[in-house]
Amino acid sequence: QVQLVESGGGLVQAGGSLRLSCAASGIADGINTMGWYRQAPGKQRELVAAVTGGGTTNYADSVKGRFTISRDNAKNTLYLQMNSLKPEDAAVYYCYAEVKYSKYSANAYWGQGTQVTVSS
């Protein structure tokens, strides 16, 4: 059974840093794209950053230059280094993974979310 478990959220002052981790278990055939989404109260869930299996990254304009996404394929773990945090970055951050179950097919999985709070 595939599980994604996030960690690393918490309370930080504006301008500070946090590093989120997402550990995937139950992986048999590998993972395609992995990513981080976030959802603030009253807002829709939005993509923060994503990284393909080949290492190509994509960032929301609002976090470019401040956040860095990376993955360790050997450990099936995804990271998000968040620097220069702003109050508007506060949200529940969710890990996402396209987990392969055959050569050409994958299922999408989500973690349970981790809260990031940024004080001004």
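Author: Let's begin with Y37, which is partly exposed at a relative accessible area of 21% (buried means under 20%, exposed over 50% and partly exposed in between, with a 1.4 Å probe and protein chains only). This is a predicted model, in which local features need pLDDT of at least 70 and side-chain atom pairs count only at pLDDT 80 or more, while totals for chains, interfaces and linings use all residues. Residues are numbered from 1 along each chain as its sequence is written, and side-chain values use heavy atoms, with hydrogens and water left out.

Searching the whole structure turns up three aromatic pairs. Rings of Phe, Tyr and Trp (its six-membered ring) pair if their centres lie within 6.5 Å; planes under 30 degrees apart are stacked, over 60 edge-to-face, and the rest tilted. Y37 and Y96 have ring centres 5.8 Å apart and planes at 65°, so they form an edge-to-face pair. This pair links distant parts of the chain, 59 residues apart, with Y37 in strand β4 and Y96 in strand β9 (strands are DSSP runs of E, at least two residues, numbered from the N terminus).

Y96 itself is buried, at 14% relative accessible area. Its ring also meets that of W110: the centres are 5.0 Å apart and the planes at 55°, so this pair is tilted. Here the separation is 14 residues, from Y96 in β9 to W110 in β10 (residues 106-110). W110 is partly exposed, with 38% relative accessibility.

Two other tyrosines have an arginine over the ring face. R19 sits over Y79 at 4.1 Å from the ring centre, and R45 over Y94 at 3.7 Å (the test asks for NZ of Lys or CZ of Arg within 6 Å of the ring centre and within 35 degrees of the ring normal).

Beyond its neighbours within four places in sequence, L80 is in contact with residues including W36, F67 and Y93 (contact means heavy atoms within 4.5 Å).

Key
Helix = DSSP H or I, 4+ residues; strand = E, 2+ residues; numbered from the N terminus.
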